[in-house]
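Thanks, everyone. Let me put the structure up, and then I'll walk through a few spots.

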Amino acid sequence: MNSDFSNRLLDWFRQHGRHDLPWQADPTPYRVWISEIMLQQTQVSTVIPYFARFMQRFPDVAVLAAAPLDDVLGLWSGLGYYARARCLHRAAQQIMQQHGGALPRTLTGLEALPGIGRSTAGAIMTLSHNLPVPILDGNVKRVLARHHGVEGWPGEKRVEAQLWELSAEHVPAGQAAAYTQAIMDLGATLCTRARPHCDDCPVAQTCRAHELGLQEALPTKRPARSLPVKNTVFAMVQNHVGQILLQRRPESGIWGGLWSFPECPPEADVVDWISDKFGSEVELVSRAPELRHTFTHFHLNIVPVHLLLRRDGLAIRDQGAAQWLTPGAATSLGLAAPVRRLIDEFFSNRGVANT
Ligand code: SF4
């Protein structure tokens, strides 16, 4: 239905909305899908160059489905949350096998694909087919929670259900695509997380948070919880021509399918561990300061240890999941974020043939 809220947003959008985002030109279901997945947890300005490179390399579902996963992860490198890229790849293959290469045109069909939740499915239906289907991404949650004064953490089922209802109430038939883009833009540009620009907001006169001064308090923050801490050792083994040893991680688990340094259990002696695992002798060069990487469910404390392969010892052979690579070649692979950082810090300028 057309509410006063949606009419005012549409008027504002015509004048002040963003109309030149790359995925808005030719909003096919495929382009909307890729952009929506990239935009999860990631800023528009970061996504734009990734989206351009992705579209150039994978212009349609068929090309994406046929590509090696490593190519997809390589292009995703730096965007984080790599499960998104693995799901995209799996979903593309499923679309080829089960839907003849076209994205399904129903919510249930879309939601059955890996990595597509209700909001992403809604965005594909609305933005590419102009169908009046609600979405509830982070920006929309924030605008609705503030405008309607919805209290409670949106991760709670009850609160989420209330926000979905509100979202559905406002979507205008016939102008669903423009409205959806408008509310997302309002959240991204005016109703921002910190210091929203209420003076310029087209719906300020009916906004509960504005009226009551609750902009900073809404949406309600997730209740604090302390994360458990895990420890690991990264064995950064280098050979005498400057190559480094990387291993491809299993598909399941953290950094699934990405390349990483061999990980030694923290209680083991790393030199003995390498010799047991790879049958080669190494010398300890240095231990770098511990660094921390935080996942949704735990902190990972990493001790990076730099080791040199002994010239007179047996070499470690390339074997499926373990490869010797120059730092330059390594950085074109899909790498776990701390691994990329360590390669830059430790190996990029150490006189290695960086190709
Ligand atoms: S008035 Fe302020 S808090 Fe309310 S929707 Fe607009 S920008 Fe957000």
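Predicted model: local features only at pLDDT ≥ 70, side-chain atom pairs only at ≥ 80, totals over all residues.

Now the helices. Two packed helices are described by the angle between their axes and the distance between the axes. Take helix H9, residues 138-147, and helix H11, residues 176-189. Their axes come within 8 Å and cross at roughly 80 degrees. Angles of 65 to 115 degrees count as roughly perpendicular, so H9 and H11 are roughly perpendicular to each other. The contact of H9 with H11 has seven nonpolar, two polar and one charged residues. From H9 come Asn-139, Val-140, Arg-142, Val-143 and Leu-144. They meet Ile-183, Met-184, Leu-186, Gly-187 and Ala-188 in H11.

Last, two backbone points. Most residues other than glycine have a negative phi, and most peptide bonds are trans. Asn-130 is not a glycine, yet its phi is positive, about 60 degrees. Find Asn-130 in the loop between helix H8 (118-129) and H9. Then look at Leu-218 and Pro-219: a cis peptide bond joins them, with omega about -10 degrees. Pro-219 lies in the loop between helix H12 (208-212) and strand E1 (229-238).

Conventions. Residues numbered from 1 in each chain as written. Heavy atoms only, no water. Axes fitted to C-alpha atoms, helices over the stretch in contact; angles between N-to-C directions. Helix = DSSP H or I, 4+ residues; strand = E, 2+ residues; numbered from the N terminus. Parallel < 35°, antiparallel > 145°, perpendicular 65-115°, else oblique. Contact = heavy atoms within 4.5 Å. Nonpolar A, V, L, I, M, F, W, Y, C, P; charged D, E, K, R; others polar.
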